[in-house]
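Here is a walk through one protein chain, from its overall fold down to single residues. Keep the structure open and follow along.

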Amino acid sequence: MANNSCLVIVSLIGVLLFTIISNVASSNDVVSTICPKTSNPPFCSTKSLTTTTTNPQLKQRYSSCAESYDEAVGDIENGQKDLALGDFNAVNIVTSGAMTEIDDCQDKFSQPPKDTSLLLKNGKTLNDICSIILVISNHL
């Protein structure tokens, strides 16, 4: 009985975390939900790191990271579907995939020029959340 209760609680936590990540990671949600509430909505909704930097190396890295994060968002969305189906092994696999995509972006900034945006900090936060999901999926 206690084992079933634990499984239900852990599953609910997993659903909650996947929902949070999807909402945070989806750029369309960010633009439509957050930007209108900022002090400068046009800046929030139209500027990207690629267009605001003049350094060609950073432009390329930011562009590559955008692709990596698109892949990570796809992995997270697939993880939500897998979780709903009870396929915890698949949740584990796609969460690991999202973490790899995030790490790929982070690795691009191991050499100068330095990134002065919040990209690396936010990437680490997203990776930490994925790590929690990974541990939970391993226990299901």
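**From contacts to details**

Among contacts in the protein between residues at least 6 apart in sequence, 71% join residues at least 24 apart. The model behind this figure is predicted. Its secondary structure is quickly told: there are 7 helices and 0 strands. Read along the sequence, that gives the pattern α-α-α-α-α-α-α.

Next, the surface. The protein has 140 residues, and 34% of them count as buried. Its accessible surface comes to about 8700 Å². Carbon and sulfur atoms hold 59% of that area.

How far can the coordinates be trusted? The mean pLDDT of the protein is 77. A value of 70 or more is reached by 71% of its residues. Among the elements, helix 1 (residues 2-25) has the lowest mean pLDDT, at 52. Helix 6 has the highest, at 93. Over residues 1-6, pLDDT stays under 50. For that stretch the model has 0 contacts beyond four places in sequence. Where pLDDT is low, the predicted coordinates should not be read in detail.

Turn now to helix 6. This helix has 20 residues. From its first C-alpha to its last it reaches 28 Å, close to the 28 Å expected at 1.5 Å a residue. Several of its residues are buried, among them Ala90, Val91, Val94, Ala98, Met99 and Ile102. The buried residues of helix 6 also include Asn92, Thr95, Glu101 and Gln106. Cys105 belongs to the buried list too.

Which residue does Cys105 join in a disulfide? The partner is Cys65, with an S to S distance of 2.0 Å. The count for the protein comes to 1 disulfide. The torsion about the S-S bond of Cys65 and Cys105 is about 100°, so the disulfide is right-handed. Cys65 lies in helix 5 and Cys105 in helix 6, so the pair ties together parts that are 40 residues apart in sequence. Both Cys65 and Cys105 are buried.

The ring centres of Tyr62 and Phe109 are 5.7 Å apart, and their planes stand at 35°, so the pair is tilted. The reasoning rests on cut-offs: planes under 30 degrees apart count as stacked and those over 60 as edge-to-face, so the angles between count as tilted. Tyr62 lies in helix 5 (residues 56-85), while Phe109 is in the loop between helix 6 (88-107) and helix 7 (119-139), so the pair ties together parts that are 47 residues apart in sequence. Are these two residues buried or exposed? Tyr62 is buried, with a relative accessible area of 7%. Phe109 also counts as buried, at 10% relative accessibility.

Stay with the loop between helix 6 and helix 7. Pro113 lies there. The peptide bond from Pro112 to Pro113 is cis, with omega near 5°.

Helix 7 has 21 residues. Its reach from first C-alpha to last is 31 Å, close to the 30 Å expected at 1.5 Å a residue. The buried residues of helix 7 include Leu119, Leu126, Ile133, Leu134 and Ile136. Gly123, Asn127 and Ser137 are buried as well. So is Cys130, with a relative accessible area of 1%.

Lys59 sits in helix 5. What is the exposure of Lys59? This residue is partly exposed, with a relative accessible area of 30%. Leaving aside neighbours within four places in sequence, Lys59 is in contact with Thr50, Thr51, Thr53 and Thr54. Lys59 and Leu49 are 10 residues apart in sequence, and their C-alpha atoms are 7.4 Å apart in space.

Ser48 is found in the loop between helix 3 (41-46) and helix 4 (49-52). Ser48 is partly exposed, with a relative accessible area of 32%. Along the chain, Ser48 and Ala66 are 18 residues apart. Their C-alpha atoms are separated by 9.9 Å.

Conventions: Residues numbered from 1 in each chain as written. Predicted model: local features only at pLDDT ≥ 70, side-chain atom pairs only at ≥ 80, totals over all residues. Heavy atoms only, no water. Phe/Tyr/Trp six-rings, centres within 6.5 Å; stacked < 30°, edge-to-face > 60°. Helix = DSSP H or I, 4+ residues; strand = E, 2+ residues; numbered from the N terminus. Buried < 20%, exposed > 50% of the residue type's maximum accessible area, 1.4 Å probe, protein only. Disulfide = S-S within 2.5 Å. Contact = heavy atoms within 4.5 Å. Areas by Shrake-Rupley, 256 points an atom, 1.4 Å probe, with all protein chains shown as cover. pLDDT = per-residue confidence, 0-100. Expected span 1.5 Å × (residues − 1).
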